[in-house]
Amino acid sequence: MAGGWSRDGAVQDQIDASVDDEVQRARSQLGNGESALYCEGCDEAIPEARRKAIPGVRLCIACQSAHEKQETTARGFNRRGSKDSQLR
């Protein structure tokens, strides 16, 4: 049951749209193609096991961890759920 001026099922539609957006974002970050021999962040050699496990890998483990940590702190604002986005 939706509340206010929204129709029934609107909340579930927002949840579904948020999940779809996150799945698309995750898929866009998957590597493909040939892996780099050296990290694009620090120029250290990327171990062969990592290159085989993750196709198209471009960063070493340390740089990838730092990149993911920075990305998760930058995200976290849900525009679909904010009241400002509903006023536009």
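Me: Which residues does S35 touch, leaving out those up to four places away in sequence?
Reply: S35 touches R51, I54, P55, G56, V57 and R58. Contact here means heavy atoms within 4.5 Å. This is a predicted model: local features need pLDDT of at least 70, side-chain atom pairs count only at pLDDT 80 or more, and totals for chains, interfaces and linings use all residues. Residues are numbered from 1 along each chain as its sequence is written, and side-chain values use heavy atoms, with hydrogens and water left out.

Me: Where does S35 sit?
Reply: In the loop between helix 1 (10–28) and helix 2 (48–53). Helices are DSSP runs of H or I, at least four residues, and strands are runs of E, at least two, numbered from the N terminus.

Me: Is S35 buried or exposed?
Reply: S35 counts as buried because its relative accessibility is 14%. Buried means under 20% relative accessible area, exposed over 50%, partly exposed in between, with a 1.4 Å probe and protein chains only.

Me: What backbone atoms does the S35 side chain reach?
Reply: The backbone oxygen of R51, at 3.3 Å. The S35 side chain also reaches the backbone nitrogen of V57, at 3.3 Å.

Me: Switching to the whole chain. How many helices and strands?
Reply: 4 helices and 0 strands. The order from the N terminus is α-α-α-α.

Me: How much of the chain is buried?
Reply: Buried residues are 15% of the 88 in the chain.

Me: And what about contacts between residues 24 or more positions apart?
Reply: They account for 23% of the chain's contacts with a separation of 6 or more.

Technical notes. Polar contact = N/O pair within 3.5 Å; in protein donor to acceptor, adjacent residues only side chain to side chain.
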